[in-house]
Amino acid sequence: MDNTALLIFVTATFVFAGFVKGVIGLGLPTIAVGILGVVMAPAQAAALLVVPNLVTNGWQIATGPKLLSTLRRLWPMLATICLGTWAGAGLLQQQKDGSATLWLGLALVLYALVGLKAAKLRVPPRWEGWLGPVIGFTTGVVTAATGVFVLPAVPYLQALGFDKDELVQALGISFIVSTLALSFGLIGAGALNGTVAWQSLLALVPALIGMGGGQFIRSRISPATFKICFFAGLLALGTYLCWRSLG
């Protein structure tokens, strides 16, 4: 793929991923890393996502209703996300045999299956003290290995009983912490430098365009219908990445 085609492909990917996030409040790194993984290493894709992730999730946090109380509730999980991400630092760079792509594909498949099932999970309040750190550390390791930080944090947050606005804010908090933790790991591994940071800043533009379009559409179509299409597509993408890495 020549440079012009690559630029068009990357731009379209960020527009689409931003669109998905605009509609359902998440999915920017999941979609972008999954699609970009077809033409570049997962570490490169994750590095390009740093600025778009920080800005879009920062917006979600700023517009949420209960920042301080949510932080007090989630801090054990957030702290262990950092620990897990740093414990697995370099996994994206070290795995040259396709195993990172395999793990990414598996993560996408699992996430899609959870979304398609629409399971109504609930975490008892007395479990949060020990389960939150376990979820956080596991999410950190998955983040370090794949560049995607939706599993198992997103199902866990959905099971805590937040209302709609609180959940969107909690997702933003979790994602921005994961982004910051992964950024340090990518810098240490040499995948994120000044040049890549500038490219990531440029990627913010199509991501915001897509996000704006997604927010416009969200007010005019059924989110439930779109989620079915989204998770079905995610399942197909994850299956393809697993097949490619194994084949």
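Predicted model: local features only at pLDDT ≥ 70, side-chain atom pairs only at ≥ 80, totals over all residues.
Figure 1. Once the neighbours of Q169 within four places in sequence are left aside, the residues in contact with Q169 are Q60, I61, G64, P65, K66, L67 and T70.

Figure 2. E128 has its place in helix α8, which comprises residues 128-146. With a relative accessibility of 14%, E128 counts as buried because buried means under 20%. When neighbours within four places in sequence are set aside, E128 is in contact with R73, V123, P133, Y156 and L160.

Figure 3. The unreviewed UniProt entry places the feature "transmembrane region" at residues 6-24, 31-54, 74-93, 100-118, 130-155, 167-190, 196-216 and 228-246. In the model, residues 6-24 are 100% helix and 0% strand, and the C-alpha atoms at the ends of this span lie 27 Å apart. Residues 167-190 are 96% helix and 0% strand, with 34 Å between the end C-alpha atoms.

**Figure 4. Helices and overall dimensions of the protein.** The protein has twelve helices and zero strands, and from the N terminus on its elements run α-α-α-α-α-α-α-α-α-α-α-α. The radius of gyration is 17 Å, close to the 18 Å that the globule rule gives for 247 residues, and the protein is therefore as compact as a globular protein of that length. Along its principal axes, the C-alpha trace spans about 55 × 45 × 35 Å.

Figure 5. Of the 247 residues of the protein, 51% count as buried. Among the contacts in the protein with a separation of 6 or more, 84% are accounted for by residues 24 or more positions apart. The accessible surface comes to about 11400 Å², and carbon and sulfur atoms contribute 70% of this area.

Terms used:
Residues numbered from 1 in each chain as written. Heavy atoms only, no water. UniProt positions renumbered as here; feature names shortened; annotations may be inferred. Helix = DSSP H or I, 4+ residues; strand = E, 2+ residues; numbered from the N terminus. Rg over C-alpha atoms; globule rule 2.2 N^0.38 Å. Buried < 20%, exposed > 50% of the residue type's maximum accessible area, 1.4 Å probe, protein only. Contact = heavy atoms within 4.5 Å. Areas by Shrake-Rupley, 256 points an atom, 1.4 Å probe, with all protein chains shown as cover.
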